Amino acid sequence: MPRTDTTTTTTTTTTTSKPGESWGGGGGRSGGAAAAAAAGGHRQHYVPPPPIPEQKRLRQIDPTIVPSPPYLLISKFLDFACASVPVLRGACPSDGWRSAFPYVEWVTFPAGRLSHSFDGRYSAGDVVPYLTYGEFVAGRRGDGRSTTTATATIRSFVVDAYDYSFRTDSTSLSDLTDPTALAVLFVLVLLMRSIKGALLPRFSSIGRRLGRAAHGRSWEVDNPDRIIKFGEYVHRLLYHTAVSVYGIWYFRDKSWWDESRGGTTNLWIGHPNQPIGPGMAWYYLVQGAYNVDALISLAELSFVFEFVNPFAYSSALDFLVEREHVVDERQRKEQVRRMMTNGQRGATALWTPLFRLRWSDAVRGDFREMMSHHLVTNALIFFSSYYRLTRAGSMVFLIHDVSDVPIDMSKLANFVKWKVATIVCFVIMVLMWIVTRLTIFPFVICKAVLTESREYLVLRGTLDPALHDAYYLLFYALLGALVLLHVTWFLILLRIGWTLVSTGERHDYSEHKGGERQKKDS
């Protein structure tokens, strides 16, 4: 929070004051702001804040001058709008929006709440840029390598692309917001969806055969949705098992998992120039692609998109005015919506005069929790990659993947009604959930973010205190949302466990809120 000055000096700042006189080397409040207070609110002369590098230096000397996050975000938004939005750029004064602000004390550095500016990420002098593909190729050509034929050119391109992608540290693939990484991510999402589309029918056929063998042909006829979901969870099980095995192997000797070598302090030491190997870069790319696909797949599973005839909508509005004498516009639109959706299958999630989204029959019982989880997870993935916090992100990935394996196994056993296997997998799932998501995640990873990040990134590192204070609440909120979702799902697990103990049946409340629809012969 800004410091409050109780000085009662009557000295005034003249129009010939220099910028340095308002913010000084020590970061104290300007004489002009104090003069204005003593003069009963008389508007003092506006003095522009120092350049961002100088502001950063003063904030590092005295972090207490940094305003609270809402003011930092407002200042950043206005700085960005005046500098980058064409429509607003011409409307802003040539010497910045602060010169037109009516309360000069609010924009007088360093005590003014809106006086601070900062870069959106690390300053150029503090960070080593990731190596781009063009720079990589140029460096090789500088070594004297050249090609003379088309075949040699193709071979050279393949070798360069392979070496850049899989043998070079800290490339632009390490930042998922980089255009090159986004292009690779897009290709990976398409590839994953193609593979899943080809494999799901085969996996579902396995579930069909297992169910038929265990419960007879009538089970197959009565459980088509369960057979499809069996294929989906086989795919999930294979993915989570594969990335868990890779993660355990790749991170087995990493210092941030080893308490004897400093443990989680290594998440921050050396930031933002920690080397990111190809294994970490591709781990993030694959995980990002999977989670983007999971978000898309959840939307596809949950909603049905339908076009609405705009001419029918317009005619219905006129009909209500002419025949029913309904003149209130809001009431007319509501009645038309009911008329046009009446009798159509599925509850309406979103309706417009042009299209309609309705809930699918296959929507998950925990749709809200799962959609929130995917949105929070994807936000954390891209934010952590952008701000080079991939070590912390990789820990979050790994504990989730490991705990997802028994979840998938339990659902598979339940879908085909193998009761003994279901009970065993359920017990393992609950234990893994407690260890990973309710212990390691909040009390190791989140604790490190809360207690260590500022010390190592700001006080011992080179991160601008304003940049940290502007966005740390966002990261805390996203991590806190994950903890809350984990607790919510754990309560669902307890409900499933109680049903299992009291009735001998395992009802999956994550698939259907009221419990699974039971068949007589299931």
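Is Ala 392 buried or exposed? At 11% relative accessibility, Ala 392 counts as buried, because the cut-off for that word is under 20%. Welcome to this structure, which is a predicted model. The protein chain has 522 residues, and 47% of them count as buried. Its secondary structure comprises 18 helices and three strands.

**The chain as a whole**

- Helices and strands number 18 and three in the protein chain.
- Take the contacts between residues at least 6 apart in sequence: 75% of these join residues at least 24 apart.

**Around Ala 392**

- You will find Ala 392 in helix H15, which covers residues 390–415.
- Once neighbours within four places in sequence are set aside, the contacts of Ala 392 are with Leu 267 and Trp 268.
- Cys 446 is 54 residues away from Ala 392 along the chain, and the C-alpha atoms of the two are separated by 9.3 Å.
- Cys 446 is itself buried, since its relative accessible area is 8% and the cut-off is under 20%.
- Cys 425 counts as buried too, with a relative accessibility of 12%.

**Helices H15 and H16**

- Two packed helices are described by the angle between their axes and the distance between the axes.
- For H15 and helix H16 (residues 419–451), the axes come within 8 Å and the crossing angle is roughly 165 degrees.
- That angle makes H15 roughly antiparallel to H16, because angles over 145 degrees are given that description.
- The crossing of H15 past H16 is left-handed.
- Where H15 meets H16, the contact residues are 18 nonpolar, six polar and two charged.

**Helices H11 and H14**

- Another pair to look for is helix H11 (residues 278–302) with helix H14 (residues 367–386); their axes come within 10 Å and cross at roughly 155 degrees.
- H11 is therefore roughly antiparallel to H14.
- Here, too, you can look at the handedness: H11 passes H14 in a left-handed crossing.
- On the H11 side, the residues of the contact include Tyr 284, Gln 287, Asn 291, Leu 295 and Ser 302.
- On the H14 side, they include Phe 367, Met 371, His 374, Asn 378 and Ser 385.
- By type, the residues in the contact of H11 with H14 are 11 nonpolar, nine polar and no charged.

**The disulfide**

- A disulfide is a covalent bond between the sulfur atoms of two cysteines.
- This structure holds one disulfide, and Cys 82 and Cys 92 are its partners, with an S to S distance of 1.9 Å.
- The link of Cys 82 and Cys 92 is left-handed, with -70 degrees about the S-S bond.
- Cys 82 sits in helix H4 (residues 69–84) and Cys 92 in the loop between helix H5 (86–89) and helix H6 (133–142), so the pair ties together parts that are 10 residues apart in sequence.
- Cys 82 and Cys 92 are both buried.

**The loop between H5 and H6**

- Ser 117 has its place in the loop between H5 and H6.
- With a relative accessibility of 10%, Ser 117 counts as buried.
- Leaving out neighbours within four places in sequence, Ser 117 is in contact with Ile 52, Gln 55, Arg 59, Asp 79 and Arg 98.
- Pro 110 also belongs to the loop between H5 and H6, and the peptide bond leading from Phe 109 to Pro 110 is cis, with omega near 5 degrees.

**Backbone details in other loops**

- His 271 and Pro 272 are joined by a cis peptide bond with an omega of about 10 degrees.
- Pro 272 is in the loop between helix H10 (224–250) and H11.
- Ser 170 is not a glycine, yet it has a positive phi of about 50 degrees.
- The loop that holds Ser 170 runs between helix H7 (150–166) and helix H8 (179–215).
- Arg 388, which is not a glycine either, has a positive phi of about 60 degrees.
- Look for Arg 388 in the loop between H14 and H15.
- Arg 388 counts as buried, at 11% relative accessibility.

Note on methods:
Residues numbered from 1 in each chain as written. Predicted model: local features only at pLDDT ≥ 70, side-chain atom pairs only at ≥ 80, totals over all residues. Heavy atoms only, no water. Helix = DSSP H or I, 4+ residues; strand = E, 2+ residues; numbered from the N terminus. Buried < 20%, exposed > 50% of the residue type's maximum accessible area, 1.4 Å probe, protein only. Contact = heavy atoms within 4.5 Å. Axes fitted to C-alpha atoms, helices over the stretch in contact; angles between N-to-C directions. Parallel < 35°, antiparallel > 145°, perpendicular 65-115°, else oblique. Left-handed = near helix turned anticlockwise from the far one by under 90°. Nonpolar A, V, L, I, M, F, W, Y, C, P; charged D, E, K, R; others polar. Disulfide = S-S within 2.5 Å.
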